[in-house]
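The following exercises are to be worked through with the sequence and the structure at hand. Each task is followed by a solution in steps.

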Amino acid sequence: MSSPTTTTSPPQTIDLTALPVAQLTNVKNQLTSELQHLTTSFSQLKQAQAKFRDCGNNVRDGLERGEGTPILVPLTPSLYVPGKLASTDTVLVDIGTGFYVEKTPPAAREFYSRKVEELGRNLQDLEKIVQGKQGNLNVVEDVLRQKVIAESSKGGGESSV
Amino acid sequence: MASDQQKLQSLIDAYQKLQNDLQATVTARQKLESQQQENKGVQKEFTLLPPTSQIYKLIGPVLLKQDRSEAVMAVEGRLEFIDKEIKRIESQIQSMQSESENKKMEVYRLQTQLQQQGESVS
């Protein structure tokens with residue numbers, strides 16, 4: 001018998017068909033919440049990646065116009081004051097945990113593209129995990145459905161459960 | 001009979017409380033993990049930086065110039081601290097997990113016992 005197995009705990013394989021319905025439901029719920037969590041993380045990662053890409057593009061597009069370019073500086077999200085681009089030699093890059101580093105524009109672009117790449121790798125890993133979990137969930141749901149069907153037909157015959 | 005029910009209820013309550021605590025601890029663990037990742041990223045960035053780069057630290061709304069060695073040390077210190085915290089919380093999670101497993105078994109035992117009693121009465 002080719003028993004469907006969960007890969008949630010790799011060292012031991014569990015015969016899903018041997019589990020009672022209540023436990024299967026628990027497993028299913030757990031998998032669903034895990035999957036949801038992972039999907040949320042996935043979209044957050046995607047957003048972060050897009051943000052880094054935007055930053056890189058901004059460094060490229062914003063600074064190629066050179067010094068003295070008139071700009072509008074946002075004081076608040078809805079209040080802008082006119083200004084001039086003072087220096088395009090260096091930019092200040094937020095590298096995390098409150099640290100900022102002065103970088104040349106090419107170095108900054110390289111920094112951002114590296115971040116995008118890193119996140120891309122993470123996204124790929126996460127995608128694999130999500131797919132695996134999805135597969136597990138499908139298997140569990142299948143077995144659960146079969147069990148419920150089997151039980152209801154049995155319950156009809158014996159009239160007591 | 002009623003006292004058994006009460007006992008079961010209090011056991012279930014205790015189990016649920018444990019589960020909630022466990023959840024909170026796991027969330028704290030995740031937060032530490034993300035902080036660790038961020039700090040590691042910063043540390044890596046420092047090693048890639050050309051020695052002449054000026055480093056600033058954001059303190060409140062102000063950017064302060066900071067010594068490179070000072071910044072590197074600060075990040076190292078943080079990583080060390082986070083490492084310790086993770087280890088501490090990890091053991092906490094483990095003990096909580098075994099405790100909640102025990103509680104679960106207790107609830108299960110009492111439940112089956114009550115069920116059997118109910119069956120023998122009827």
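**Exercise 1. Describe how strand 1 of chain A is joined to strand 2 of chain A.**

Solution. The model under study is a predicted one.

Step 1. Locate the two elements: strand 1 of chain A covers residues 70-76, and strand 2 of chain A covers residues 79-84. The two run antiparallel and are joined by 6 bridges.

Step 2. Ile71(A) has Gly83(A), in strand 2 of chain A, as its bridge partner.

Step 3. Strand 1 and strand 2 of chain A are linked by a hairpin through 2 residues.

**Exercise 2. Determine in what order the 4 strands of the open sheet are arranged.**

Solution. 

Step 1. Read the order across the sheet: 3(A)-4(A)-1(B)-2(B), with antiparallel pairing.

Step 2. Consider the angle between neighbours. On average, neighbouring strands of this sheet are turned by 35° against each other, direction ignored.

Step 3. Inspect the place where the chains meet. Strand 4 of chain A (residues 99-103) pairs with strand 1 of chain B (residues 55-59) over 3 bridges in the antiparallel sense. Here Val101(A) is opposite Ile55(B), and Tyr100(A) is opposite Tyr56(B).

Step 4. Continue into chain B. Its strand 1 and strand 2 pair over 5 bridges, again in the antiparallel sense. In this pairing Ile59(B) is opposite Val62(B), while Leu58(B) is opposite Leu63(B). The hairpin of these strands has 2 residues between them, and Gly60(B) takes a positive phi near 60° there.

Step 5. Helix 2 of chain B (residues 68-121) lies across strand 4 of chain A together with strand 1 and strand 2 of chain B. Relative to strand 4 of chain A, this helix runs at about 140°.

**Exercise 3. Characterise the contact between chain A and chain B.**

Solution. 

Step 1. Consider the area. The size of an interface is often expressed as the accessible area lost when the parts come together. About 1400 Å² is buried between chain A and chain B, and carbon and sulfur atoms give 59% of this area. In chain A, the residues losing the most area to chain B are Thr97(A), Phe99(A) and Tyr100(A), which together account for 42% of what that side buries.

Step 2. Look for polar and charged pairs. Between the chains there are 9 residue pairs in polar contact. The rule finds 3 salt bridges across the interface. In a salt bridge, the side chain of Lys103(A) meets that of Glu45(B) at 3.1 Å, N to O.

Step 3. Assign the side of chain A that touches chain B to its elements. Strand 3, strand 4 and helix 2 (105-158) of chain A each supply at least two residues. The largest share, 5 residues, comes from strand 4 of chain A.

Step 4. Sort this side by class: it has 6 nonpolar, 4 polar and 4 charged residues.

**Exercise 4. Explain why the pair of Lys133(A) and Glu34(A) ties together parts that are apart in sequence.**

Solution. 

Step 1. Over all chains the count is 11 salt bridges. The side chains of Lys133(A) and Glu34(A) form a salt bridge with an N to O distance of 2.6 Å.

Step 2. Locate both residues. Lys133(A) belongs to helix 2 of chain A and Glu34(A) to helix 1 of chain A (residues 21-63), so the pair ties together parts 99 residues apart in sequence.

Notes. Residues numbered from 1 in each chain as written. Chains lettered and ligands numbered in written order. Predicted model: local features only at pLDDT ≥ 70, side-chain atom pairs only at ≥ 80, totals over all residues. Heavy atoms only, no water. Pairing = 2+ DSSP bridges. Axes fitted to C-alpha atoms, helices over the stretch in contact; angles between N-to-C directions. Contact = heavy atoms within 4.5 Å. Buried area = accessible area lost by both parts, 1.4 Å probe. Salt bridge = Lys/Arg side-chain N within 4 Å of Asp/Glu carboxyl O. Polar contact = N/O pair within 3.5 Å; in protein donor to acceptor, adjacent residues only side chain to side chain. Nonpolar A, V, L, I, M, F, W, Y, C, P; charged D, E, K, R; others polar.
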